[in-house]
Amino acid sequence: MSPLGIGSIVFVCVFGSAMLGCYLRTLLADHHLTDDSMRVVTMSTGLLTTLVAMVLGLLISSAKTSFDRITDEVMQTASKVVLLDRALVSYGPETTETRELLHRAIASAIDMIFAEKGSRLATLTAPERLAGMEQFQAKLRDLAPRNDAQRAFQSRALAFSDELV
Amino acid sequence: MLPLFLAVLVLWLAIIFVGLGVHTANNSIVLVTLFAAALSVSGAVFLIEELDHSLDGLIQVSSAPLRNALTQLGP
């Protein structure tokens, strides 16, 4: 169910129970509404209010933390993708095809993860996405470095691509 | 949020608001106040649900960093 739906249902329940309380007051005989009984009601409500305040505070802070963590991960992934691409550029012109493969894999991953409807974190590990990255890594391993610099760039690119998978 | 967890939370909230309703006289300012309080609390639950589903809905993780990176890749 959508968050808006859940929020509305909670609102209806909560406001409905407030209305129920108002209605109960008109039903109850006067001797139920003395100061003493009202004090008990106040104290129980206070107890629950403290409990709800703590739980809601905790839930909001943990939800915010997980949201920030995902935002951070997106940013780190973006920077790794750029660094990986720079490593391939430095390797030499023979990586053009590999870079196109990377471009396609990343583009499809973005579309899959940030799709308008029905996207979930589970799609981060979707098999199709992994297949794209594995194809890219196989291509990367097939490169035949001719000197030490190219070897260094290849292993650097492989390390970044491992972190991306 | 787990459904059972949410159910217990709503139960607590309902008890609090029944208590508030019993406690007060029936007039429009009380009604408006209770309405605002109920709206705030359900707003908090809505926020928690939205932040939990961070890849869709009204509050989303921005895909801008990744899309920026993609424009830099240009073969």
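Predicted model: local features only at pLDDT ≥ 70, side-chain atom pairs only at ≥ 80, totals over all residues.
Two residues are in contact here if their C-beta atoms, placed from the backbone, lie within 7 Å. On the chain A side the contact uses V10(A), C13(A), V14(A), S17(A), A18(A), M19(A), L20(A), G21(A), C22(A), L24(A) and R25(A), and on the chain B side V10(B), L13(B), A14(B), F17(B), V18(B), G19(B), L20(B), G21(B) and V22(B). Sorted by class, that α1(A)–α1(B) contact holds 15 nonpolar, 4 polar and 1 charged residues.

**Chain A on its own**

- Taken along the principal axes, the C-alpha atoms of chain A fill a box of roughly 95 × 25 × 20 Å.
- Buried residues come to 22% of the 165 residues of chain A.
- Look at the contacts in chain A with a separation of 6 or more, and 66% of them are between residues 24 or more positions apart.

**Helix packing inside chain A: α2 and α5**

- Helix α2 (residues 35-91) and helix α5 (residues 148-164) of chain A have axes that come within 9 Å and cross at roughly 160°.
- Angles over 145 degrees count as roughly antiparallel, and α2(A) and α5(A) are therefore roughly antiparallel to each other.
- Their crossing, α2(A) over α5(A), is left-handed.
- From α2(A), the residues making this contact are T77(A), K80(A), V81(A), L83(A), L84(A), A87(A), L88(A), S90(A) and Y91(A).
- From α5(A), the partners are Q150(A), F153(A), Q154(A), R156(A), A157(A), F160(A), S161(A), E163(A) and L164(A).

**Chain B on its own**

- Chain B has 3 helices and 0 strands, running α-α-α from the N terminus on.
- The radius of gyration of chain B is 20 Å, well over the 11 Å that the globule rule gives for 75 residues, so chain B is more spread out than a compact globule.
- The C-alpha trace of chain B spans about 70 × 30 × 10 Å along its principal axes.
- In chain B, 33% of the 75 residues are buried.

**The interface, seen from chain B**

- Across the interface, 48 residues of chain B are in contact with 56 residues of chain A.
- On the chain B side, the elements giving two or more residues are α1 (3-23), α2 (28-52) and α3 (64-73).
- α2(B) supplies the largest share of that side, 16 residues.
- By class, the side of chain B that touches chain A divides into 31 nonpolar, 12 polar and 5 charged residues.

**How α1(A) packs on α1(B)**

- The axes of α1(A), residues 3-27, and α1(B) come within 7 Å and cross at roughly 30°.
- Angles under 35 degrees count as roughly parallel, and α1(A) and α1(B) are therefore roughly parallel to each other.
- The crossing of this α1(A)–α1(B) pair is right-handed.

**How α1(A) packs on α2(B)**

- α1(A) also packs with α2(B), at an angle of about 150° and with the axes 8 Å apart.
- These two helices, α1(A) and α2(B), are therefore roughly antiparallel to each other.
- The α1(A)–α2(B) crossing is right-handed.
- α1(A) brings P3(A), L4(A), I6(A), G7(A), V10(A), F11(A), V14(A), F15(A) and A18(A) to this contact.
- α2(B) brings L34(B), F35(B), A38(B), L39(B), V41(B), S42(B), G43(B), V45(B), F46(B), E49(B) and E50(B).
- The class count for α1(A) with α2(B) is 15 nonpolar, 3 polar and 2 charged residues.

**One residue up close: A14(B)**

- A14(B) sits in helix α1 of chain B.
- The cut-off for buried is 20 or more other C-beta atoms within 10 Å, and A14(B), with 20 C-beta neighbours inside 10 Å, counts as buried.
- Leaving aside residues up to four places away in sequence, A14(B) touches C13(A), V14(A) and S17(A).
- A14(B) and A38(B) are 24 residues apart in sequence, and their C-alpha atoms are 9.6 Å apart in space.

Terms used
Residues numbered from 1 in each chain as written. Chains lettered and ligands numbered in written order. Helix = DSSP H or I, 4+ residues; strand = E, 2+ residues; numbered from the N terminus. Nonpolar A, V, L, I, M, F, W, Y, C, P; charged D, E, K, R; others polar. Axes fitted to C-alpha atoms, helices over the stretch in contact; angles between N-to-C directions. Parallel < 35°, antiparallel > 145°, perpendicular 65-115°, else oblique. Left-handed = near helix turned anticlockwise from the far one by under 90°. Rg over C-alpha atoms; globule rule 2.2 N^0.38 Å. Buried ≥ 20, exposed ≤ 12 C-beta atoms within 10 Å, placed from the backbone.
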